[in-house]
Amino acid sequence: MPDTAVGNMMLCQSCGMPIAAAEHFGTNGDNTPSGEYCCFCFRQGRFTDNRSVTEKITESVAYHDEGEKELGRTLTRSELSVRLHVLYPTLRRWSSHENIHTAYYIAVNRALEYIQENLSGALNLKVLSEVSGLSGFHFHRIFRAVMGEAPGEYVQRLRLEKAAFMLSHSGHTIADIAHICGYDTQQALTRAFGRRFGVTPNAYRKSPVEVRFGVDESANLGIKPRITSRGTFQLSGIRAHDPLGNNKAFIDAWDRLRELTGTGCGQGEGKEFILLSRDRSTITRPENYDIYACISSPYKDRRLVKFTVEGGNFAVFTHRGPYSGLNAVYCHIYRWWLPFSGYRLRDTYYFERFPEPFPADGQPVTEIWIPIEKQ
């Protein structure tokens, strides 16, 4: 079972976050500090919410920052859910709760950690089920239920997304990439890559923008960006839930963000309103998009996701008009501008900035900031 401490820091026995300093302690009924719980979870001898352990985990996953990297890749919400289902029963507040099938989540977590550390190795069902401690049949069924993907699908997706990124952002040969990503031969990678993306690795390397999902607009809009640089900066945000399926997703996220930060609707007071995404938009399926409504500068509220946007050069495209027109702009950027620009993408966030969130003329202005570096 996981330890309830990180280094010399104790974990809050409610949310599992490290308690780094005395000012983060909760308070007992007599206002003395509580070393077991953080100030966000426990005040004056009471928990600040009455959620069940399942609701607590669901909320934590919903506000998860997938921008944080572990072992060279980002942790998905499904992976975080597994970790929390393993961690929470070890915390004092939840130790008596019976509604988590802890053994199953521990088994899946073992497999996830092994996959992350051995992506280039043998990752068949026999190996993974042995790592998990379950029979092959039970492991396959449980993994699929917890992660939403069969073990083989999960491994294949991670390998191919890594291969796609390496093809466009590294100088490795295709044969080397095949080996690094767990394929016995270059031909094996080529077959798998073609089945998923519809092009060969070599064709993708020459024109990586052709691998994309969900963007059909292909016209050259003739939009040219301004190239600018800015320093590293901080954001706090709320995840927009199901942004493609829910037409109120962004409105709800902005409303919740303003409620939690106590800010108005305009930029003002040095604040910027930004939509942030970590997705590799040329290879991430729309149903997997992860987008956050953010405000500049960090806030202490743990319900807000914290981001650090790495400074550097950006290509800034300005779009005036309905947000429904942004797909065409993105297609223009990746199909018509980037391949001929002399730039390549940096491995960091891209974002949309709103200099006039509610313009008087009803024509919103959106700035699309694409992180770039010279070829």
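**Helix packing and burial in a predicted chain**

Me: At roughly what angle do the axes of helix α1 (residues 53-62) and helix α2 (residues 77-87) cross?

Reply: This is a predicted model, in which local features need pLDDT of at least 70, side-chain atom pairs count only at pLDDT 80 or more, and totals for chains, interfaces and linings use all residues. Residues are numbered from 1 along each chain as its sequence is written, and side-chain values use heavy atoms, with hydrogens and water left out. Axes are lines fitted to C-alpha atoms, for helices over the stretch in contact, and angles run from 0 to 180 degrees between N-to-C directions. The axes of α1 and α2 come within 9 Å, and their crossing angle is roughly 145 degrees.

Me: Which residues of α2 make the contact with α1?

Reply: Contact means heavy atoms within 4.5 Å. On the α1 side the contact is made by I57, S60 and V61. The α2 side supplies R77, L80, S81, L84 and H85.

Me: How many residues of the contact of α1 with α2 are nonpolar?

Reply: Ala, Val, Leu, Ile, Met, Phe, Trp, Tyr, Cys and Pro count as nonpolar, Asp, Glu, Lys and Arg as charged, and the others, Gly among them, as polar. In the contact of α1 with α2, three residues are polar and one is charged. The nonpolar residues number four.

Me: Which residues of α2 are buried?

Reply: Buried means under 20% relative accessible area, exposed over 50%, and partly exposed in between (1.4 Å probe, protein chains only). By that rule α2 is mostly covered, with eight of its eleven residues buried. They are E79, L80, S81, V82, L84, H85, V86 and L87.

Me: What covers the buried residues of α1?

Reply: In α1, the buried residues are V53, K56, I57, E59, V61 and A62. Their cover includes α2 and the strand β11 (233-239).

Me: Are α6 and α8 roughly parallel or roughly perpendicular to each other?

Reply: The axes of helix α6 (residues 151-169) and helix α8 (residues 186-197) come within 11 Å and cross at roughly 95 degrees. Angles under 35 degrees count as roughly parallel, over 145 as roughly antiparallel, 65 to 115 as roughly perpendicular and the rest as oblique. The two helices are therefore roughly perpendicular.

Me: Which residues in α8 meet α6?

Reply: From α6 come Q156, R157, L160, E161, A163, A164 and L167. By class, the contact of α6 with α8 has eight nonpolar, one polar and four charged residues. Those in α8 are L189, A192, F193, R195, R196 and F197.

Me: What relative accessible area does S129 have?

Reply: S129 is found in helix α4 (residues 125-132). Leaving aside residues up to four places away in sequence, S129 touches L134, S135, G136 and F139. S129 is buried, and its relative accessible area is 6%.

Me: Does Q44 count as buried or exposed?

Reply: Q44 is found in the loop between β6 (42-43) and β7 (46-47). Phi of Q44 is near 50 degrees, a positive value in a residue other than glycine. At 54% relative accessibility, Q44 counts as exposed.

Technical notes
Helices (H or I, at least four residues) and strands (E, at least two) are DSSP runs, numbered from the N terminus.
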